[in-house]
There are 2 protein chains.
Amino acid sequence: MREAYHVQLDQLADQLADMCVQVAEAMERATTALLGADLQLAEQVISSDNEIDDARSACEEQAYALLALQAPVATDLRTVLAAIHAAESLERMGDLALHVAKAARRRHPQHVLPEQVSGYFAEMGKVTVRMAQKAEQVIRSKDVDSARALEDDDDEVDDLHRHLFTVLMDKEWPHGVATAVDVTLLGRFYERFADHAVSVARRVVFMVTGKMPGSDNDDVDV
Amino acid sequence: MREAYHVQLDQLADQLADMCVQVAEAMERATTALLGADLQLAEQVISSDNEIDDARSACEEQAYALLALQAPVATDLRTVLAAIHAAESLERMGDLALHVAKAARRRHPQHVLPEQVSGYFAEMGKVTVRMAQKAEQVIRSKDVDSARALEDDDDEVDDLHRHLFTVLMDKEWPHGVATAVDVTLLGRFYERFADHAVSVARRVVFMVTGKMPGSDNDDVDV
């Protein structure tokens with residue numbers, strides 16, 4: 001049984017790693033669509049979201065099979081449950097990329113973002129995509145130190161997000177309320193994407209060490 | 001074993017129902033704090049959030065114990081996993097109430113909301129608190145029809161949320177960008193709270209019927 005358990009667990013880890021690749025790509029495309037008012041790319045992200053949902057279902061099925069057939073206990077049990085939680089976070093990351101793409105589509109052919117803040121989103125896009133890519137590596141390498149490094153990336157996103165709000169809240173904001181509302185929600189989508197990436201990495205640390213690092217991640221307030 | 005399983009499962013359902021009471025109370029207080037700029041009430045919500053987090057941990061421990069000791073399969077296994085997901089949604093609902101309370105605290109002694117939109121929040125508060133209370137009844141009664149009725153409440157929240165955005169996006173919005181940003185985020189907190197309440201109810205339908213109703217709930221776009 002131990003060997004079958006490890007084979008199945010490796011398969012589950014592979015599936016999670018593949019989901020990381022999917023959500024990294026979704027967020028990369030969604031950000032490019034947002035910054036370039038690229039309708040075709042936005043549509044691609046929107047129509048691919050169901051593949052991420054399917055991947056999550058497949059992960060859950062694999063986890064169920066593992067639990068039902070192997071009936072793991074103690075750390076083995078917690079490991080499988082951590083994988084189920086990670087799959088849920090990854091699906092949510094896909095949803096957040098989808099929201100970014102939908103914002104780009106909704107305002108097309110206009111740009112959603114005024115020039116003044118597009119740099120923040122280019123940067124938040126870069127860091128969040130990198131986080132999803134790092135999460136993939138973390139799952140494949142099971143390297144606890146790289147998992148912890150995602151927290152630094154998350155701090156970077158939080159900083160960008162805070163600065164963005166300073167710009168928004170400035171009395172001189174010249175782009176009107178409707179644009180401010182779009183920018184507010186989009187900022188939150190990136191920030192939540194980063195939170196979920198950290199959560200995935202923490203679950204991996206748990207899967208490797210049997211200990212959950214720090215308290216569970218919550219979004220910062222803005 | 002079957003009997004022990006059912007006793008433990010009943011305990012788990014009781015714990016989830018108690019969490020519903022906690023998050024309903026948190027959202028009720030947070031909304032009152034928001035509408036009345038009541039700092040003391042806001043502080044109460046903020047300092048009680050860790051109790052909701054603890055309740056979620058206790059639910060997970062109970063679920064782990066159930067899985068480890070009873071090694072359920074098939075529908076029994078899925079039932080326990082549904083409970084773990086429901087506990088996660090409930091913790092998130094507590095976080096969202098916390099965010100509302102923190103917004104009230106941040107702007108104190110000022111009111112966060114202009115008169116023009118406070119009616120929307122009073123109404124969204126009423127419906128979302130009712131949803132959390134109904135989720136409690138659904139868990140205790142295992143009544144599938146009342147579980148499904150939460151979808152209607154969610155539609156009501158989505159409608160209120162959409163109307164709120166119409167007001168915000170109106171060229172005549174006289175309250176400035178900073179207030180619009182607050183209103184945008186607060187609207188989203190209520191909308192997500194409602195989504196999670198529906199998700200909890202769907203998990204209960206699954207626990208009772210063994211079938212997941214419809215597709216998993218995602219937030220509407222604004």
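A polar contact is here a pair of N or O atoms within 3.5 Å, where within protein one atom must be able to donate a hydrogen and the other to accept it, and where residues adjacent in sequence count only if both atoms are side-chain atoms. In this predicted model, local features need pLDDT of at least 70 and side-chain atom pairs count only at pLDDT 80 or more, whereas totals for chains, interfaces and linings use all residues. Residues are numbered from 1 along each chain as its sequence is written, chains are lettered from A and ligands numbered from 1 in the order in which they are written, and side-chain values use heavy atoms, with hydrogens and water left out.

**Two sites within the chains**

The side chain of Ser89(B) makes such a polar contact, at 3.4 Å, with the side chain of His196(B). Ser89(B) is placed in helix α3 (residues 74-107) of chain B, helices being DSSP runs of H or I of at least four residues, numbered from the N terminus. With neighbours within four places in sequence left aside, Ser89(B) is in contact (heavy atoms within 4.5 Å) with His196(B), Ser199(B) and Val200(B). Ser89(B) counts as buried because its relative accessibility is 7%, the classes being buried under 20% relative accessible area, exposed over 50% and partly exposed in between (1.4 Å probe, protein chains only).

Ala26(A), in helix α1 (residues 2-36) of chain A, is likewise buried, with a relative accessible area of 11%. Not counting residues up to four places away in sequence, Ala26(A) touches Val45(A), Ile52(A) and Ala97(A).

**Salt bridges**

A salt bridge is a side-chain nitrogen of Lys or Arg within 4 Å of a carboxyl oxygen of Asp or Glu, and the structure holds 38 of them over all chains.

| Pair | Closest N and O atoms |
|---|---|
| Arg56(B) and Glu88(B) | 3.9 Å |
| Arg107(B) and Asp182(B) | 2.7 Å |
| Arg192(B) and Asp195(B) | 3.1 Å |

Arg56(B) in helix α2 (residues 39-70) and Glu88(B) in helix α3 are 32 residues apart, so that this pair links distant parts of the chain, and both residues are buried. Arg107(B) in helix α3 and Asp182(B) in helix α6 (residues 176-209) also link distant parts of the chain, being 75 residues apart; here Arg107(B) is partly exposed, with a relative accessible area of 27%, while Asp182(B) counts as buried at 7%. Arg192(B) and Asp195(B), by contrast, both lie in helix α6 of chain B, three residues apart, about one turn of the helix, and both are buried.

**The interface**

The contact between the chains takes 42 residues from chain A and 42 residues from chain B. Chain A and chain B bury about 3,600 Å² between them, 58% of it on carbon and sulfur atoms; buried area is the accessible area (1.4 Å probe) that two parts lose on being put together, summed over both. Two salt bridges are found across this interface, including the one between Arg78(B) and Glu61(A), whose closest N and O atoms are 3.1 Å apart. Six residue pairs are in polar contact between the chains, both residues at pLDDT 80 or more. The elements that give two or more residues to the side of chain A that touches chain B are α2 (39-70), α3 (74-107), α5 (144-169) and α6 (176-209) of chain A, and α3(A) gives the most, with 13 residues.

**Symmetry**

A rotation of 180 degrees with 0.0 Å of shift along its axis superposes chain A on chain B, with an RMSD of 0.0 Å, by least squares on the C-alpha atoms of residues with pLDDT of at least 70 in both. That is the relation of a two-fold axis. The copies meet through the same surface, because 100% of the interface residues of chain A are also interface residues in chain B.
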